[in-house]
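Let's walk through this protein together, one step at a time. Have the sequence and the 3D view ready.

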Amino acid sequence: MRNLHGKMAIVTGGGTGMGRELVRQLAVAGSHVAMCDVSPDNMMETERLALSETTDDVRVTSHVCDVADEADMLAFRDQVQARHEVEHVDLVFNNAGIGGGGSFVTDEDRMAWEKTFDVCWHGVYYGCRAFLPLLIRSEEGHIVNTSSINGFWATVGPDVPHTAYCAAKFAVKGFTEALNIDLRLHAPHVMAHVVMPGHIGTSIALNSTAAHGGPDLERIRKTLAERGSDVDQMSDADLTELVVSRGERFRDDAPTTAAEAAAIILDGVREKRWRILVGDDAIVLDELVREDPEFAYEPEFLQRIVERGHLNYFDSR
Ligand SMILES: NC(=O)c1ccc[n+]([C@@H]2O[C@H](COP(=O)([O-])OP(=O)(O)OC[C@H]3O[C@@H](n4cnc5c(N)ncnc54)[C@H](O)[C@@H]3O)[C@@H](O)[C@H]2O)c1
């Protein structure tokens, strides 16, 4: 799909980050876009930005929808068909996601674990279920599912458990690869792409903390104490400040911006690449994991990546 002009695109999680940038760039390219998110205010800002940048007569609409809820997703699909008066869609970006729910072994917070898994996996699954029939009705359809480097490397460093997010992102990657074979057999004009971003400068850390109802101060206090910090001297306000400054650092110190990431994703779709690695860090990590999979979870492995000039943020937390 070289030309995005006049196409109908769906973007989940369009309120901020890569989703917002996808909406903006799609609108600039002349696509009509329907986005969903849990935040109407953020979508309003995305809509304003997108419409102020495009010279084309495009429609951009916002729909409140929790992607982890199938009834919401189906209602989103019905609203898209009614408001855009379309029988088919051309592109679906299943992008919404949150982090959190690190440890499975300690079962510190099962609700957080399941929430992260539900948004990251079921959000993609329900998005595919709801919109695939509409993609099949198009001349050429693209389904673009956002996984992560955590879809092929199940860690963010040796001292942080990250089980829910990694389980979901591996599921997204495996499902999307298998879906491509199924599509070739049953709907060869539709293609599935798996997106694997490295470290991208977005507010995902801050947004994820908010999605889980604020920082889990008890757990953070315990983790810091285990790592030797004198937490007795830290108030809850100090801990909250620490979480916020880490989230801001994650956003501000990233090697790839959200806008650059969206451009890489759209180029991947235009070039019909099913496997879209986003950022040099993702490309190098993919090489290193393939080169020596047995070593990928050793503490020194992160060091190999850092020596190549990548994922410094993960090393310095
Ligand atoms: N930022 C990174 O470094 C990075 C790396 C790899 C993968 N990813 C993935 O990229 C995708 C986009 O993340 P981002 O970094 O732009 O983060 P972000 O927090 O800026 O954007 C995610 C958007 O999804 C929305 N969202 C969250 N839960 C939702 C729900 N239940 N229903 C609907 N919308 C919901 C949020 O409100 C937000 O607008 C996610 O799937 C994320 O896991 C991000």
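## Before we start

Helices (H or I, at least four residues) and strands (E, at least two) are DSSP runs, numbered from the N terminus. Residues are numbered from 1 along each chain as its sequence is written. This is a predicted model, in which local features need pLDDT of at least 70, side-chain atom pairs count only at pLDDT 80 or more, and totals for chains, interfaces and linings use all residues.

## The whole protein

The protein holds 12 helices and nine strands. Its radius of gyration, taken over C-alpha atoms, is 20 Å, close to the 20 Å that the globule rule gives for 317 residues, so the protein is as compact as a globular protein of that length. That rule is 2.2 Å times the number of residues to the power 0.38. Along its principal axes, the C-alpha trace spans about 60 × 40 × 35 Å.

## The sheet

Now find the open sheet of seven strands, ordered β3-β2-β1-β4-β5-β6-β9 with parallel pairing. Strands pair if DSSP finds at least two bridges between them. β3 (60–64) and β9 (275–278) stand at the edges with a single partner strand each, so one side of each has no neighbour in the sheet.

Strand β6 (residues 190–197) runs parallel to β9, joined by four bridges. Pro197 has Val278 in β9 as its bridge partner.

## A helix across the sheet

Helix α10 (residues 280–291) lies across β6 and β9, at about 115 degrees to β9. Here contact means C-beta atoms, placed from the backbone, within 7 Å. Axes are lines fitted to C-alpha atoms, for helices over the stretch in contact, and angles run from 0 to 180 degrees between N-to-C directions.

Notes:
Two residues are in contact if their C-beta atoms, placed from the backbone, lie within 7 Å.
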